[in-house]
Amino acid sequence: MQIHPPLLRLLASIILLGASAVGLVAAADVSTSSFGEIAIPSPNKPADAANCVEPVAVMRRDHMKFLLHQRDTTVLEGERGKKYSLVGCIDCHNPAKANEEIVRYEDPQHFCAGCHNYASVKIDCFECHADRGLSSSQQSNLSLQADRLQLSMQTFRQKLEQPRGD
Amino acid sequence: MKTQPAMRYAEIKTSTPGYWSVLIGMAVIALIGFAAAHHMDVEGHHITGMSNQVVWGLPHVFAIFLIVAASGALNLASLASVFGKQAYKPLARFSAILAIALLVGGLAILLLDLGRPERLVVAMTHYNFKSIFAWNIILYTGFIVIVMAYLWLMMERRMHRWSKPAGLLAFVWRLVLTTGTGSIFGFLVAREAYDSALLAPMFIVMSFAFGLAMFILLLTLSFRLDQRELDASHLQRLRKLLGIFTAGVFYFVVVFHLTKLYGTQNHDFERFILAEGGIYTLLFWLVQIGLGNLLPLALIYAPRLQGSSSTLVIASMLVILGAFAQLYIIIIGGQAFPLNIFPGYAVESSFFDGVISEYSPSLWEFLLGFGGVTSALLIALLGIRVLPIMPEGLPAETQ
Amino acid sequence: MATELDNIELRPARRQFLKGAAALAATLVAPGVMLYKTGQASTSGQQLRWGLLIDTNALSEADVDACVDACQREHGWKAEVNSPTAAQWIRKVKLTDTESGHQRFLPMMCQHCADPPCVDVCPTGASFKRADGIVLVNKHTCIGCRYCMMACPYKARSFIHETLKDQLPVAPRGKGTVESCTLCVHRVDRDGANAVPACAEAVNQGGRKAILFGDLNDPQSEISQRLRKLGAVKLRADMGLNPGVRYQGL
C-alpha cells in the first residue's frame, strides 16, 4: 500500500509534535521552577551538613564504594561504628524526630531516595536495613528491656518466692 | 555387517494449526509460570505453601525431576557414542537436545524459586567449594555447554570424529552431575530421611529410568508431528531398557528402606513413610511402587503386550507419575518428619518441633512447576524445528 | 569545577579498597568454614570462642518466655503463634521425659557449632563462621536457597517469607534471606567478654546466671570454670559438631 508523500510528512510531524509535547510535560513534572528546566533533586539535608565523613563531591561519587567495603568489614570482621557505618549515615541523614512524621525510604524526601529516584538507580539496602534513626529512648533497647523487665521482674520475683510446684 | 545408507536428518516441517496451537499454548503456560515466579519474588514466599518447616516444596520436586530426567535423557546418545551401539545412533541428536531442554527447564525453576533470584550473579561468582550446591551450579551450567558442543559435533559431519570424545565427556559429566544431585540430600546428616550414601547411585538409576521415559514420550510425539516413520522395532529396544532401569529403581528403593528399617532409631521415620504418613504413605505404595514400578514392569514384560508401542508409551507415563511421587516423598516427606534433637523426650514448641509438618502446595508452585516443564518442552520442540535433529525416518532394520 | 574534583586524592582510598576487595575475594573462595579476624583480643592468649551455658534447672517457663521476648525486642522480630512462616530466632521448647513424665523448659537457638553443617552447605559462602565462633548469615551474599535450613540439625534458621518494614538498626533483616540467632553479635562486638546477650540479660537477675555468656577457650572464664565444675551436654552430640551452646540439667 503506497502512502502519499505529503500525507507521510503530515503523519511524521504529528508524531514528532506529540512526542515532544509528552516529553515537555514530563520535564515540567520534574522541574520545580520554570517550564523547561530540569531540577536537581533536593532531599532533606542533614542538620550537620558540614561534618560529613568525606567532602560532598567525594561522597557523591564514591559513597557506594565506602558502603560496599564497610558492609563486609562489619559483617565479616565485626567492625562497628566506624567512619562509614550505615547506622552512622542514617543517624545523621535521617535522624529520629520528636514530633514530626518519620521519613521513610518510600518518601521522595528521604535523603537516599531523593537522588536515587532521580537517577533511577535502584538500591535494595532498605529492604533489610533501617531507613531511619531511632530516638534515643528507642535506640537504647536496654532501657526498653529494663522497663519491660520491671513488669516481668515483679512476676519473676513472685514466682521465685513461691515454692516450686513442679 | 551390512553397510547401511547414511542416516538423513531434517528439521520437522509440520505447520498444522494443531501444532501451532499446542506450541502457543505451551508458551502461554511457560509465561504464566514466569509471572507466578515474579509474583513469588515480589510478595515473598508466604504466598506459597513452603514454610520454615518445609523449606523446599513442589517447585523443587519439578526441578529435580527435570534435572534428573535431563541427565538420563542423554543416555541414548551415550550408548551410541561411548558404548558404540550403532543402533541408537540415529536417536543421539534428539537425546542431546532433550537433555539440554530438560535441564534448562529444571534449572529455571530452581533459580526462580530462590529467595533472591536477582542475586544469581552472586551465586555465579562466590563459590563455597565444600558445598555440593555450589558444585551443582557448575555442573548444571557446564552440562548445558558440553552437551551443546556435543550436539554440534554430532551435526557437523566434518567434526564427526570429535563426537566420540565429546560424548565420553558428556557421559562422565552427567554421572557426576546426577551424583551431585543425589548428594544434595545424601550429604545432609541432620535428617533421618537423608544421610545416606545410597542416594547418589539411586539418583543415577532414577535418571536412567525417568530420562528414558521422557525420551520415549517425546520421541513418539516428535515423529508423529511430522508423520515420519518410526518402526516398532526401535521402540522395542527402548522397552527392554526401560524395564531394566525401572527394576533398578525398585531395587534401590527396597535396599534403602530395608537398611533404614534395620536401625531401631529409624523406626519412627520408616513408620511415617511406610504406614502412618497419610499422603506420603499413599503416594509411596499406590503411586511410587504400584503405578510407578510394578505396573510398568508388568506392562513391559507381559508376553502378550510385547509388540505394542502404546503400552510402552503408557508404561513411560506411569514411570513419570511414579517419579513425581518418589521425589515428593524424598523432598517433602523428608522435611515433614521432625528432627530428633532430644531423644527420649516428647518435644513441644512454637516452632513445630516434634510434630509432622504440614505442607500443601499453592497454586503459584504448580504454575512455576508447569512453567518449567513447558519451557523445556518448548525448547525441545522448537529445537527440532530449527535444527536437523530428527531422522527423516526410522524404518525397520534390514538385518 | 571539574579539575577540582579530579585533584581530590582518591588513590589511597581506592588502593585500600582494592586490597580489601582482593583479600575478601580470596577468602570467599576458601572452602567450607571461613575464618575472619575479629577486633577482639583474647585474654587467655588463645583464639577466643564465644559460647553460652544454659542451666535448664534454673529456668522456669516464664523465664524462657522472657528470653524469647527479649530477643524479639532486641532484634525486631515477632513470634507468631502457629504461623509456619514466622521467623523464630529463639524458641521455648517444652520437654517431657517419655518415661518419667518430668517436664522442663529450655530456650533453643542457633547452637553456633564449631563445625557448622549450615556453613558447609551454603553455595555462596553467605553462611559463615567468624573466628570468634559466632555463626552468621551474610545477608548481602545470601541468595535465599534455604539449603542451610535443610542442613541445620537444630532447625535454628528461619527464612523471611514477606516484605519487612520497621527493622531495627542493630538487626537488618529482609525478605528472601535466611537468618538465625546472632549471639547478639552487635553487643559482643561492642562489649567483648562483658557482653550479655539479650536472652541472658532477661533471666540473669539477682546475681544468678541461668544463661552464661563467655569465652569457652579461656580456662579462667566464668563459663569454663562452671563447665569444669558442673559439666553440661551438647545437643545431638553424636554428630560431632561441637556446638558453642551447652545445656545443664538435660
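Chain B averages a pLDDT of 93, and 98% of its residues score at least 70; pLDDT is the predictor's confidence in each residue, running from 0 to 100. So what you're looking at is a predicted model, where local features need pLDDT of at least 70, side-chain atom pairs count only at pLDDT 80 or more, and totals for chains, interfaces and linings use all residues. As for labels, residues are numbered from 1 along each chain as its sequence is written, while chains are lettered from A and ligands numbered from 1 in the order in which they are written.

Helices (H or I, at least four residues) and strands (E, at least two) are DSSP runs, numbered from the N terminus.

Chain A has seven helices and zero strands. Its mean pLDDT is 74, with 69% of its residues at 70 or more. Two residues are in contact if their C-beta atoms, placed from the backbone, lie within 7 Å.

Of the 166 residues of chain A, 16% count as buried. Here's the rule: a residue is buried if 20 or more other C-beta atoms lie within 10 Å of its own, exposed if 12 or fewer, and partly exposed in between, with C-beta atoms placed from the backbone. Looking at chain A contacts with a separation of 6 or more, 49% come from residues 24 or more positions apart.

## Inside chain B

The largest nonpolar core holds 206 residues, and B:Ala96, B:Leu98, B:Leu102, B:Ala209 and B:Phe210 touch the most other members. Helix H8 (residues 199-225) of chain B gives the most to this core, with 18 residues. A nonpolar core is a set of buried Ala, Val, Leu, Ile, Met, Phe, Trp, Tyr and Cys residues joined through C-beta atoms within 7 Å. Not counting residues up to four places away in sequence, B:Ala209 touches several residues, including B:Gly72, B:Leu242, B:Phe245 and B:Val319.

B:Ile289 sits in helix H11 (residues 279-301) of chain B. B:Ile289 counts as partly exposed because it has 18 C-beta neighbours inside 10 Å. Setting aside its neighbours within four places in sequence, B:Ile289 is in contact with B:Phe284 and B:Leu294. B:Pro117, on the other hand, is 172 residues from B:Ile289 in sequence and 36 Å from it in space, C-alpha to C-alpha.

## Where chains B and C meet

Here 39 residues of chain B are in contact with 49 residues of chain C. On the chain B side, helix H5 (120-125), helix H6 (132-155) and strand E2 each supply at least two residues, and E2(B) gives the most, with five. By class, the side of chain B that touches chain C has 21 nonpolar, 13 polar and five charged residues. Ala, Val, Leu, Ile, Met, Phe, Trp, Tyr, Cys and Pro count as nonpolar, Asp, Glu, Lys and Arg as charged, and the others, Gly among them, as polar.

Now for the strands. An open sheet of three strands runs in the order E2(B)-E2(C)-E3(C), with antiparallel pairing. Its edge strands are E2 of chain B and E3 of chain C, each pairing on one side only. Strands pair if DSSP finds at least two bridges between them. E2(B) (residues 345-349) and E2(C) (residues 90-97) pair over five bridges; there, B:Ala346 has C:Thr96 as its bridge partner, and B:Glu348 stands opposite C:Lys94.

E2(C) also pairs with E3(C) (residues 103-109), over seven bridges, and C:Leu95 stands opposite C:Arg104. The hairpin of E2(C) and E3(C) has five residues between the strands, and C:Gly101 takes a positive phi near 85 degrees in it.

## The rest of chain C

There are eight helices and nine strands in chain C. Of its 250 residues, 53% count as buried. Among chain C contacts with a separation of 6 or more, residues 24 or more positions apart account for 61%.
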